Amino acid sequence: MSQSLTTTGTNQSETGARTALVVLAHHRADSLSAHIARRAADRLTAAGYTIDFLDLHAENFDPRMTVADQPDWGNRDKQYAPGTEAHMRRLLAAEVVVVVFPVYWQSVPATLKGWIDSVWNYGFAYGRSKPRLAGKRILWLGLAGATAGDEILPGMQQLLEAQLSAGLAYYSGFADSRVGLLPDAEDQPQSLDAEGNLVIGEAISGDDRAAHYAAFESTAEGFVDDFLAANLVDA
């Protein structure tokens, strides 16, 4: 470990305490994504984890790549920008990571992509014979506007798993990476007709709306519970 990445926190191997980093990538604090991130944090807390809650927008994370954070292929111990190094320490200190985001164009929002590009950087997340993030576990919770019966969902799941699990987490040494796709995030169902036109249905309201989002929340919590249960089995 380079001196610039000496963690100020503690991890399970040092104290026996469980630590979790919950990352929220949404620009509104009152969004459904923010609500699900808080519910995930509550679930982790109930399971005995100490939570580091990272709201990328609230903390004014700048997703633009800078010269300071550009990889130096000849120096895997390069010290990146102070803010980026701080994010690296937070990621390094976590035993498990849960990332919550809205699905944009079958991918992640720009803020989350910029966080990955800058923080999951050369010499830290990859570029070593033994990755510094080796053995950690991560759950990606993606909120999608598509309806549960939409034919696009299997392809969306496959794309997200290819990008986030195979292309990022496993490449960075994570022992377990899962994508929990949450369709029906919108209160107005969205679909395509036979000619490819977008069809937006009537908004649900009242008791139907309350039941809809209660089920949505339960599904998200189920992903978290299954994720944590798998860790217990593996242990």
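Tutor: Let us begin with what a helix is here: a DSSP run of type H or I with at least four residues, numbered from the N terminus. In this predicted model, histidine 87 is found in helix H3, which covers residues 82–93.

Student: Why is histidine 87 called buried?

Tutor: Buried means under 20% relative accessible area, and because histidine 87 has a relative accessible area of 10%, the word applies. Leaving aside neighbours within four places in sequence, histidine 87 is in contact with Leu54, Leu56, Phe61, Trp115 and Val119.

Student: What makes the rings of tryptophan 120 and phenylalanine 174 a pair, and why is the pair called stacked?

Tutor: Rings pair if their centres lie within 6.5 Å, and planes under 30 degrees apart count as stacked; here the centres are 5.4 Å apart and the planes stand at 15°, so the pair is stacked. This pair links distant parts of the chain, the two residues being 54 residues apart, and both tryptophan 120 and phenylalanine 174 are buried.

Student: What is the pair of tyrosine 213 and phenylalanine 216 called, and how do you know?

Tutor: Planes over 60 degrees apart count as edge-to-face, and with 65° between the planes and 6.3 Å centre to centre, tyrosine 213 and phenylalanine 216 form an edge-to-face pair. Both lie in helix H6, three residues apart, about one turn of the helix.

Student: What makes strands S2 and S5 the edges of the sheet?

Tutor: The five strands run in the order S2-S1-S3-S4-S5, with parallel pairing; S2 and S5 each have a single partner strand, so one side of each is left without a neighbour in the sheet.

Definitions and conventions: Residues numbered from 1 in each chain as written. Predicted model: local features only at pLDDT ≥ 70, side-chain atom pairs only at ≥ 80, totals over all residues. Heavy atoms only, no water. Pairing = 2+ DSSP bridges. Buried < 20%, exposed > 50% of the residue type's maximum accessible area, 1.4 Å probe, protein only. Contact = heavy atoms within 4.5 Å. Phe/Tyr/Trp six-rings, centres within 6.5 Å; stacked < 30°, edge-to-face > 60°.
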